[in-house]
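This briefing goes through one protein model by topic. Please keep the sequence and the 3D view at hand while reading.

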Amino acid sequence: MNLGGLGVVVLVFLLAWWFTGRLCSPASRFYFLDLPNERSLHTAPLPRTGGLAILGSVLLGRVASFAVGAGSVLQTNSAILILSMTLL
């Protein structure tokens with residue numbers, strides 16, 4: 001992985017962290033709660049929008065990889081690395 005690919009990985013991680021904080025905030029327009037029921041493992045309402053933050057950051061990371069010219073360098077293994085860094 002070259003320096004551009006590493007920059008994309010760092011960008012995706014930071015975007016996922018930032019988007020998750022914004023979308024899971026009660027002040028967000030996209031703040032949806034998963035209310036517990038008798039089948040739930042959780043007892044308190046949990047935000048459901050964290051997955052949108054991860055998906056959005058991965059998609060923006062792929063766009064950024066092509067923008068910096070690392071799109072051809074970032075093959076399947078690097079895409080999996082970007083996804084795993086996002087999930088951290």
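Helices (H or I, at least four residues) and strands (E, at least two) are DSSP runs, numbered from the N terminus. On that basis the protein chain has three helices and two strands, and its elements run α-β-β-α-α from the N terminus on. The model is predicted: local features need pLDDT of at least 70, side-chain atom pairs count only at pLDDT 80 or more, and totals for chains, interfaces and linings use all residues. Residues are numbered from 1 along each chain as its sequence is written, and side-chain values use heavy atoms, with hydrogens and water left out.

**Whole chain**

- Buried residues (under 20% relative accessible area; exposed is over 50%, partly exposed in between; 1.4 Å probe, protein chains only) make up 26% of the 88 residues in the protein chain.
- The accessible surface (Shrake-Rupley method, 1.4 Å probe; for residues, only the protein chains shown count as cover) comes to about 6,100 Å² for the protein chain, and 68% of that belongs to carbon and sulfur atoms.
- Of the contacts (heavy atoms within 4.5 Å) in the protein chain with a separation of 6 or more, 57% are between residues 24 or more positions apart.

**Nonpolar patch**

- L6, V10, F13, L14, W17 and W18 make a nonpolar surface patch of about 630 Å².
- A patch is made of residues with over 30% relative accessible area and no salt bridge; nonpolar side chains (Val, Leu, Ile, Met, Phe, Trp, Tyr) are joined within 5 Å, like charges within 9 Å.
- A salt bridge is a side-chain nitrogen of Lys or Arg within 4 Å of a carboxyl oxygen of Asp or Glu.
- L14 is placed in helix α1 (residues 3-23) and counts as partly exposed because its relative accessibility is 46%.

**Aromatic pair**

- The structure holds one aromatic pair (ring centres of Phe, Tyr or Trp, the latter by its six-membered ring, within 6.5 Å; planes under 30 degrees apart are stacked, over 60 edge-to-face, the rest tilted).
- The ring centres of W18 and F19 are 5.3 Å apart and the planes stand at 55°, so the pair is tilted.
- W18 is partly exposed at 40% relative accessible area, and F19 is partly exposed at 22%.

**Surroundings of T49**

- T49 lies in the loop between β2 (46-47) and α2 (50-67), and T49 is buried, with a relative accessible area of 1%.
- The side chain of T49 reaches the backbone oxygen of L23 at 2.8 Å.
- Not counting residues up to four places away in sequence, T49 touches L23, C24, F30 and F32.

Note on methods. Polar contact = N/O pair within 3.5 Å; in protein donor to acceptor, adjacent residues only side chain to side chain.
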